[in-house]
Amino acid sequence: TQAPVNVTVTGAAGQIGYALLFRIASGQLLGQDTPVKLRLLEIPQAVKAAEGTALELQDCAFPLLAGVDIFDDATKAFDGVNVALLVGARPRSKGMERGDLLEANGGIFKPQGEAINAGAADDVKVLVVGNPANTNALIAQSHAPDVPAERFTAMTRLDHNRAIAQLATKLGVTVADVKKLTIWGNHSATQYPDIFHAEVNGKNAAEAVNDQAWLADEFIPRVAKRGAEIIEARGASSAASAANAAIDHVHDWVNGTPQGDWVSMGIPSDGSYGVPEGIISSFPVTCSGGKYEIVQGLEIADFSRERIDASVRELTEERDAVKQLGLV
Ligand code: NAX
C-alpha cells in the first residue's frame with residue numbers, strides 16, 4: 001500500500017462536511033488502495049463540532065483512514081496537503097450586496113490561497129465548493145503564484161449530475177444511458193446545461209428530446225434553480241448531493257474519466273470556446289493521469305452561444321469586482 005494522501009477539508013463541521021468526510025475516509029474519493037489522512041479546518045467556534053465528527057470517524061474504524069487532525073489555522077491545515085476541498089464559505093445574508101459577499105469571501109479565500117502556496121505538496125489539487133465557487137477559486141488561485149494555476153478548480157459537478165438526472169427522467173432512460181452532457185459558465189443561475197452534444201444510448205440527446213420549449217423553459221431553468229428547489233423542499237440547502245458531486249469531481253480528476261464520456265469542471269480558461277483566458281468557468285473535460293483537458297472542437301450553435309456568453313459575462317463581472325477590491 002502507498003503512503004497516506006493528505007486531504008484538507010474546510011468547513012468540516014458544516015452540513016456538506018458531515019456528508020463528505022465519511023465518504024472520503026471510506027475510500028470513495030481516491031479509491032480502495034489509497035489511505036487518507038484528514039486535515040479539518042474550521043473557524044474557532046466550530047472546532048468542537050469538528051472534534052465530534054472526528055470521534056464518529058474513529059468509530060467507523062475505516063481501514064483506509066490513517067488519521068484526523070483538526071485546525072483553526074489555515075497555514076497548518078494546508079501543510080503538506082495533496083487534495084484540498086474548500087467547502088467553508090461566507091453565505092449571502094439578507095440585504096447583502098454582491099460586493100460585500102465577494103469581500104467577505106476574499107477574507108477567507110485569500111489567506112487560504114496563501115496557505116496553500118506556502119505549504120501544499122507539489123501535486124496539490126484544489127476544489128472550491130463554497131460559493132461563489134468560481135470566483136472564490138480565482139481569489140485563492142491568485143494568492144498561490146507558486147502553484148500551477150490549473151490546479152485550482154470550482155465545482156459544477158452537482159449541476160452536471162442534476163442535468164443528467166433531469167434528462168434521463170424526461171427520456172425515460174437510466175442515468176447510465178446519458179453521456180457527454182456539459183455545464184458551461186458559472187455555478188450560478190446563469191449556468192448553461194448543454195444537451196446538444198450529449199448522447200443517450202449513442203443517439204444525440206437534443207434530437208431524442210426534440211422539444212425546444214421543454215429545453216428552454218423547463219430543463220435549463222430547473223437545473224439552474226435546483227438549489228432553490230431543494231431549499232424549498234428540505235428547509236436546508238443541498239448537502240449530500242453536493243458532497244457526492246465533490247467526491248465525483250476529485251475522483252474523476254485523479255482516476256480519469258471513462259472512455260466515451262466527459263464531465264464538467266470549473267477550470268481556469270485557456271481561451272477555448274471564446275471564454276476569456278484566466279476566468280474560472282465550467283467546461284466539458286476529460287481526465288487522464290491526474291490531468292484534465294478541455295474537450296475541443298464542439299460546434300456551438302446560436303442557442304448555446306448566447307447562454308454561454310451570458311454566464312461568462314457574469315464571471316468577468318465578478319472578476320472585475322474582486323479586482324476592484326484588490327482581491328486578485
Ligand atoms: P454550512 O453553513 O453548513 O457549513 C459551512 C461551514 O464552513 C461552517 O461549519 C463554518 O463554520 C465553516 N467556515 C466558515 N468560514 C470558514 C473558514 N474561514 N475556514 C474554515 N471553515 C469555515 O454550509 P454547507 O451547507 O456545508 O455549504 C458550504 C458551501 O457550499 C456554501 O458556500 C454553499 O453555498 C456551497 N455550495 C456549493 C455548491 C456547488 O455546487 N458548488 C452546492 C452546495 C452548496 O450550496
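The entries below follow the order in which I looked things up.

**Entry 1: getting my bearings**

I reminded myself first that this is a predicted model. Then I turned to the UniProt record, an unreviewed entry, which places "domain: Lactate/malate dehydrogenase N-terminal" at residues 6-146. I checked the make-up of that stretch and found 43% helix and 18% strand. Its end C-alpha atoms are 19 Å apart.

**Entry 2: the largest pocket**

Next I looked for open space. Rolling a probe the size of a water molecule over the atoms shows where empty space is left. The largest pocket here came out at a volume of about 1500 Å³. It is lined by 48 residues, and those closest to the centre are A89, P91, V129, G130 and N131. Helix α4 gives the most, with 7 residues. Sorted by class, the lining has 21 nonpolar, 17 polar and 10 charged residues.

**Entry 3: the listed binding-site residues**

I went back to the unreviewed UniProt entry, where R92, R98, N131 and R162 are listed under "binding site". Still, I found R92, R98, N131 and R162 in the lining of the largest pocket.

I took a closer look at R92, which lies in the loop between β4 (83-86) and α4. Leaving aside neighbours within four places in sequence, R92 is in contact with E97, R98 and L101.

I then moved to the second largest pocket, which holds about 260 Å³ of space. Of its 17 lining residues, R157, H160, N161, I164 and D261 are the closest to its centre. Two or more lining residues come from each of α6 and β7 (178-179). Helix α6 has the largest share, 4 residues. By class I noted 8 nonpolar, 4 polar and 5 charged residues.

**Entry 4: the nonpolar cores**

The largest nonpolar core has 39 residues, and L167, I195, F219, M265, F283 and V285 have the most contacts inside it. Several elements give two or more residues to this core, including α6, β12 (263-268), β13 (280-288) and α11. Helix α8 gives the most, with 5 residues.

I picked L167 and listed what it touches, not counting residues up to four places away in sequence. The list is V178, L181, I195, A198, V200, A205, V209, W214 and F219. Both I195 and F219 are also among the residues with the most contacts in the core. There is a second, separate core of 32 residues, and L20, I24, V87 and A246 are included in it.

**Entry 5: S311**

I stopped at S311, which lies in helix α11. Is S311 buried or exposed? At 0% relative accessibility, S311 counts as buried. Beyond its neighbours within four places in sequence, S311 is in contact with W184, G185, N186, T190 and Q191.

Last, I checked the backbone. Most residues other than glycine have a negative phi, and most peptide bonds are trans. Where did I find a cis peptide bond? It joins N131 and P132, with omega about -5°. P132 lies in the loop between β5 (125-128) and α5 (133-142).

N210 has a phi near 45° and sits in the loop between α7 and α8. N210 is exposed, with a relative accessible area of 66%. Y273 has a phi near 55° and is found in the loop between β12 and β13. Y273, by contrast, counts as buried, at 12% relative accessibility.

Terms used:
Residues are numbered from 1 along each chain as its sequence is written. This is a predicted model: local features need pLDDT of at least 70, side-chain atom pairs count only at pLDDT 80 or more; totals for chains, interfaces and linings use all residues. Side-chain values use heavy atoms; hydrogens and water are left out. UniProt positions are given in the numbering used here, feature names are shortened, and annotations may be inferred rather than shown by experiment. On a 1 Å grid over the protein atoms alone, a cavity is a set of points where a 1.4 Å probe fits but cannot get out, and a pocket is an open set with protein on both sides within 12 Å along at least five of seven lines; lining residues have an atom within 4 Å of a point. Grid points are joined across faces, edges and corners, and a volume is the space filled by probe spheres set on the points. Ala, Val, Leu, Ile, Met, Phe, Trp, Tyr, Cys and Pro count as nonpolar, Asp, Glu, Lys and Arg as charged, and the others, Gly among them, as polar. A nonpolar core is a set of buried Ala, Val, Leu, Ile, Met, Phe, Trp, Tyr and Cys residues joined through side-chain atoms within 4.5 Å. Buried means under 20% relative accessible area, exposed over 50%, partly exposed in between (1.4 Å probe, protein chains only). Contact means heavy atoms within 4.5 Å.
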